[in-house]
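Here is a short tour for anyone who likes to check geometry by eye. Have the viewer ready and follow along.

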Amino acid sequence: MAEIKTINILGATGSVGRSTVDLVLSQPDRFSVQAVTANENARALADMAVQLKARKAVVADPRKYQELKESLSGTGVEAAAGAEALLDAAAQPVDWTMAAIVGMAGLLPIMKAIEHSRCVAIANKEPLVAAGPLVMEAAKKHGTKLLPVDSEHNAVFQVFDHERPAGIDRIILTASGGPFRTWTREKMAAATPEQAVAHPNWSMGAKISVDSASMMNKALEVIEAHYLFAMPPEKIKVLVHPQSVIHSMVEYSDGSVLAQLGAPDMRTPIAHALAWPDRMKTSGQRLDWAKLKHLDFEDLDDVRFPAVDLAYQCLNNGAAACIAFNAANEVAVDAFLSRRLGFSGIIEAIRQTLRQAGCSSLKNLEEVIAFDATVRDITKSYISRDAA
């Protein structure tokens, strides 16, 4: 029998976190859970901690501490709350950490996990987009394996020749096209949050669903792929594939193209990362090849979906531009979901922010976090002043 793997799950109550918990519970003898965390959903976190027999549960919002403590009373699970407690949980030495805290809020926990975990499974794009060089440098320094969980990057990871990358011509990231793939620009401009989160293939959280609708998720993935696989931007291509069966491809210099295929079920890439370097059975969906009549592909329409082109520009302009790109999007998506900004206003807010943010030279994590905060203020000011 394989050794029991010690794990932490950061962001356990989100979409990826819940799927991770389900997988762990399906084979509990393989895993020993040290810590689980959530932002504010104390009751759900407590339930998970008890089911997983975790040693500690941490809620980031200190106002939820009492609720978490009461929910865990008599269970033997330690309760903690607040930003420092979250970082302490991320710093617990384990074999494997799931980093699934949404947005830039996940950056500091990821950096802590890299210091103290043998493997870190990265499910959120934003920390790599905003601090890719620092994240990769830290992983190298501490000898930590980074395992991508995004279905696209996980697919690339599975078919990428890590020993001979010089033989790779390009990475091809596939995109479903989201709920607005066939919509006109005029129709998209009037889209509601409910329409934007109604993804045709995947079940995801609100923020990433909106990113999928705007193709911003693919833009962030281009930047992430650049850092994760050390590939120049011109060797990363986005291709629309509505069925979401081919999750990404790697094209080699001899013309061979290796692809990873599977049903659009996040349990598959999560299971790959969780069991790596082994495999594990899951209850996830399987492809029905007899019903799979055809696979369609089309080029991305940069006019209706300009976010990907902006990502390439940001990569050419340096790390600060990538930080601004991500920060402005997070603020704009939040404004859209709360109906303070129209759907087409998201990309315009990002453009305006990029013009104002400048190209600072950022040397460390503190400077990255400070610049990220400045950019968010710029975007908020634009939305409240000019986009209202």
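## A polar contact in a loop

The side chains of Asp 265 and Arg 267 make a polar contact at 2.7 Å (a pair of N or O atoms within 3.5 Å; within protein, one must be able to donate a hydrogen and the other to accept it, and residues adjacent in sequence count only if both atoms are side-chain atoms). Asp 265 sits in the loop between strand S11 (257-261) and helix H12 (267-275); helices (H or I, at least four residues) and strands (E, at least two) are DSSP runs numbered from the N terminus. Asp 265 counts as buried because its relative accessibility is 7%, with buried meaning under 20% relative accessible area (1.4 Å probe, protein chains only).

This is a predicted model: local features need pLDDT of at least 70, side-chain atom pairs count only at pLDDT 80 or more, and totals for chains, interfaces and linings use all residues. Residues are numbered from 1 along each chain as its sequence is written, and side-chain values use heavy atoms, leaving out hydrogens and water.

## Strand S6 and its neighbours

In strand S6 (residues 117-122), 5 of the 6 residues are buried. Strand S5 (residues 94-99) runs parallel to S6, joined by 5 bridges, and Val 94 stands opposite Ser 117. The chain gets from S5 to S6 through helix H5 (residues 107-116), in a right-handed β-α-β crossover (with the strands pointing away from the viewer, the path from the first strand over the helix to the second runs clockwise).

S6 also pairs with strand S7 (residues 145-148), in the parallel sense over 4 bridges; pairing requires at least two DSSP bridges. Here Ala 121 stands opposite Leu 147.

Notes:
Buried < 20%, exposed > 50% of the residue type's maximum accessible area, 1.4 Å probe, protein only.
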